[in-house]
Amino acid sequence: MRIRTFDEYKTAYQKSVEDPEAFWAEVAQNFQWRKPWTKTLQWNFTEPNVKWFIGGKLNITENCLDRHLAERGDQPAIIWEPNDPNEAGVTLTYRMLHDQVCRFANVLKRNGVVKGDRVCIYMPMVPELAISVLACARIGAIHSVVFGGFSAQSIADRINDAQCKVVITADGAYRGNKEIPLKSTVDDALIGCPSVEKVIVLTRTRTPVSMLKGRDVWWEQELKQVTADCPAEEMDAEDMLFILYTSGSTGKPKGVVHTCGGYMVYAAYTFQNVFQYEGAGDTAAQVFFCTADIGWITGHSYIVYGPLASGATSLIFEGVPTYPDCGRFWDITDKHKVNILYTAPTAIRSLMGFGLEKVENHDLSSLKVLGSVGEPINEEAWHWYDDNIGKNRCPIVDTWWQTETGGILISPLAGITKTKPTFATLPLPGIQPILVDENGKEIEGNGVSGNLCMKFPWPGILRTTYGDHERCRQTYFATYPGLYFTGDGCLRDEDGYYRITGRVDDVLNVSGHRIGTAEVENAINMHTGVVESAVVGYPHDIKGQGIYAYVITDQMPADHDADLTKRDILATVSRVIGPIAKPDKIQFVTGLPKTRSGKIMRRILRKIAEGDTGNLGDTSTLLDPAVVDEIRAGAI
Ligand code: 6R9
């Protein structure tokens, strides 16, 4: 399962393409199955229908917990670093984590959760979040984690889409010097969620919360009622493990579905190989610190499942990189002797701005590998990370992947693949990328660019979008028949190295978060007086992309009102989606550039937002070319 040299990578890659089934069957032997699979793979990309390890039975928590007890029961599984560095942290060994997961799984059962039920989790980054996720998996309930920054409306939409029966939350969350009310946001959401029968509330901030009789129960009280004996539910390899909502170019977020067997194999295989994690054998377990939130796929695969299925030590950090000061990541690295740090370009860029003072007063010599994920990393950030954090002795793995892919698809293997700044380099074994032009024709050879697709399934690929398989087909498999379309543009250079250039659809990537332009427009359009809006991305020094909104109101706000109206619109977007979707810039306009068929020409709006107003290209097909001059004159 473990690749140690570039030659071994080449051999593994070749085998994975020539005989994918044999390749993945061999990898999957490294896990604990209750019953072996009878057929390794069945697939087509037309329906689509992808099944891995057919007939295999397992429980992912037996792989993440039980099987480690004999050999590494006393090794830390989770190290938790609280928001406030002066608060005591928590270290959970595999034995302790196993015990707590079993207990909480019994709490879920006590509250009526059975195999196949959906459970929504809206929690701070505390160990209990990982415990909740694993407890669901233990009893075969399907978790749907909603990032703690989403609004009540977003929670409600997700709960209703999946018809969740139970919500797990906390009274509040600490983030930097802020206290965020989670339970009261859940309360607002639940006004419109008839499927929810129970809410389990963890105590964290001990802010006053309303607790509804018959519906709301305290985590701590419930725990007193259960034992630590909870045998794992036997799951089919293709049973659903979780749903995770993600934004696309149209409409509401989709519930991406991952299943038990393939996802487990893929998350653990990529974790061990990409980061070259040491500690599975005789060596002491390395400390792995992924700074993502468990509310995103990166946290699912590389805080919880990948590391734990590999017997690793995973560090969970509750806070933000700039609290109490901009040296927090380096403080944590020093304090816990972090060996592998996995973070996002947006965090690196924001920390770069503070200079080196808070880097240099920490000992970073424990670091061995650095990772990057979520968005393209620019050359300047890459070098800053390499020079100042890795001191030019830690390989950087720029890992490209998506919620839909379950795990990393294109990335260097740490210390094995020669890196090149801004390049995700080469596909992992089992991954067959292909570049196509607009018509779906393959672009062969090197030194070319195109739309990035995959021509063969890997075990971690999404199986469907919850409750709407047709939407899955339409979104990912219909643009280029026979291929999985990623939505990303990509360059393959002369060495055959891949560089992801960004989304080619109407999806923005703001600070590593995926946000659909249509979603933001819908939210803006809900604001009173707004007639129409168009949202585009523009380059932003720290966030990667910023959100630029062009808004038509029924009455053009007078100068003295414009600022207030903008702030009101931001409040509406915050309420409808969450603060992460707030536009950075709002420009009031009287019209939008539209074609005669009524389509907004986003290309022009993008150029204006980028400040590139010199050459807007062909505007002759516009219904009203004069509108462009007005927009250009008022650009912010
Ligand atoms: C894991 C994750 C997926 C989108 C993806 C792409 C962008 C992620 C990247 C990257 C360039 C990288 N992306 N990693 N772009 N280089 N190393 O982020 O999942 O939230 O679903 O976002 O993020 O555009 O399509 P998700």
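## Backbone points

F53 is found in strand β2, and in this predicted model F53 has a positive phi of about 55° although it is not a glycine. The loop between β1 (39-44) and β2 (49-54) is where P48 is found, and P48 is joined to E47 by a cis peptide bond with an omega of about -10°.

A cis peptide bond also joins Y323 and P324, where omega is about -5°. P324 is found in the loop between β17 (313-317) and α11 (328-336).

## An annotated span

The UniProt record, an unreviewed entry, carries the annotation "domain: Acetyl-coenzyme A synthetase N-terminal" for residues 9-64.

## Surroundings of the ligand

The ligand is surrounded by 17 residues, of which the closest are D398, T399, T403, D488 and R514. By class, the shell around the ligand divides into 6 nonpolar, 6 polar and 5 charged residues. Three elements, namely α10 (297-309), β20 (396-399) and β25 (498-503), each supply at least two residues of this shell.

Several atom pairs can be described in more detail. An N or O atom in the side chain of T403 is 2.5 Å from an oxygen atom of the ligand, while a polar side-chain atom of Q402 lies 2.9 Å from an oxygen atom of the ligand. For P376, a backbone N or O atom lies 3.4 Å from a nitrogen atom of the ligand. On its own the ligand has 530 Å² of accessible area, and the protein covers 96% of that area.

## Cavities

A search of the whole structure finds 4 cavities of 30 Å³ or more, and the largest cavity has a volume of about 110 Å³. This largest cavity is lined by 13 residues, and those closest to its centre are M123, P124, G148, A173 and R175.

Which strand gives the largest share of the lining of the largest cavity? Strand β9 (residues 172-175) does, with 3 residues. Sorted by class, the lining of the largest cavity has 8 nonpolar, 2 polar and 3 charged residues.

Note on methods: Residues are numbered from 1 along each chain as its sequence is written. This is a predicted model: local features need pLDDT of at least 70, side-chain atom pairs count only at pLDDT 80 or more; totals for chains, interfaces and linings use all residues. Side-chain values use heavy atoms; hydrogens and water are left out. A residue is near a molecule or strand if one of its heavy atoms lies within 4 Å of it. A polar contact is a pair of N or O atoms within 3.5 Å; within protein, one must be able to donate a hydrogen and the other to accept it, and residues adjacent in sequence count only if both atoms are side-chain atoms. Accessible areas come from the Shrake-Rupley method with a 1.4 Å probe; for residues, only the protein chains shown count as cover. Helices (H or I, at least four residues) and strands (E, at least two) are DSSP runs, numbered from the N terminus. Ala, Val, Leu, Ile, Met, Phe, Trp, Tyr, Cys and Pro count as nonpolar, Asp, Glu, Lys and Arg as charged, and the others, Gly among them, as polar. UniProt positions are given in the numbering used here, feature names are shortened, and annotations may be inferred rather than shown by experiment. On a 1 Å grid over the protein atoms alone, a cavity is a set of points where a 1.4 Å probe fits but cannot get out, and a pocket is an open set with protein on both sides within 12 Å along at least five of seven lines; lining residues have an atom within 4 Å of a point. Grid points are joined across faces, edges and corners, and a volume is the space filled by probe spheres set on the points.
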